[in-house]
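Open the model in your viewer and keep the selection tool at hand. The stops below take you through it in order.

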Amino acid sequence: MRMELVTLIVDDYDPAIEFFTGLLGFALVEDSPSTTTDGRPKRWVVVRPPGAETGLLLARADGDRQRAVAGDQTAGRVGFFLRVDDFDAVHRRLLDAGVTFTRPPRTEPYGRVAVFLDIAGNQWDLLGPA
């Protein structure tokens, strides 16, 4: 058993793809035409960090309820965790690219950590070795 995908609600596909592939370095695994359960067109968009098995399904918000939670899917908590080998290099690259960090880097017993926002406004931990 393994976790295949986690859905992330976004405002639009292309800016989200650019954020995750261009800024974070994820791979675009799939971008296929699809339809909603009631037959409207949508896209099936999956991105995945290099070497990871679990990917993100980037789902464009459909309706007021979904638009209301885009960027706050975990009710204000850090809900996503991205582990990297070279914390300082990735942190600097993301800062230089304009990614918003809401908390500066700090050292914890489990390693270095800094909190950043994705394109929708969800909070992520950038994690690296101590």
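Select residues 2-129 first: over this range the chain is 21% helix and 44% strand, and the end C-alpha atoms are 25 Å apart. Helices (H or I, at least four residues) and strands (E, at least two) are DSSP runs, numbered from the N terminus. The UniProt record, an unreviewed entry, places the feature "domain: VOC" at these residues; such annotations may be inferred rather than shown by experiment.

This is a predicted model, in which local features need pLDDT of at least 70 and side-chain atom pairs count only at pLDDT 80 or more, while totals for chains, interfaces and linings use all residues. Residues are numbered from 1 along each chain as its sequence is written, and side-chain values use heavy atoms, without hydrogens and water.

Next, show the open sheet of four strands, in the order 1-4-3-2 with mixed pairing; two strands pair if DSSP finds at least two bridges between them. Strand 1 (5-10) and strand 2 (27-35) stand at the edges with a single partner strand each, so one side of each has no neighbour in the sheet. Select strand 4 (residues 55-60): six bridges join it to strand 1, and the two run parallel. One place to look is Val-10, whose bridge partner in strand 4 is Arg-60.

Finally, select Phe-19, Phe-20, Phe-26, Phe-80, Phe-101, Phe-116 and Trp-124, which ring pairs link into a cluster. Rings of Phe, Tyr and Trp (its six-membered ring) pair if their centres lie within 6.5 Å; planes under 30 degrees apart count as stacked, over 60 as edge-to-face and the rest as tilted. Phe-19 and Phe-20 are edge-to-face, 5.1 Å centre to centre with 80° between the planes.
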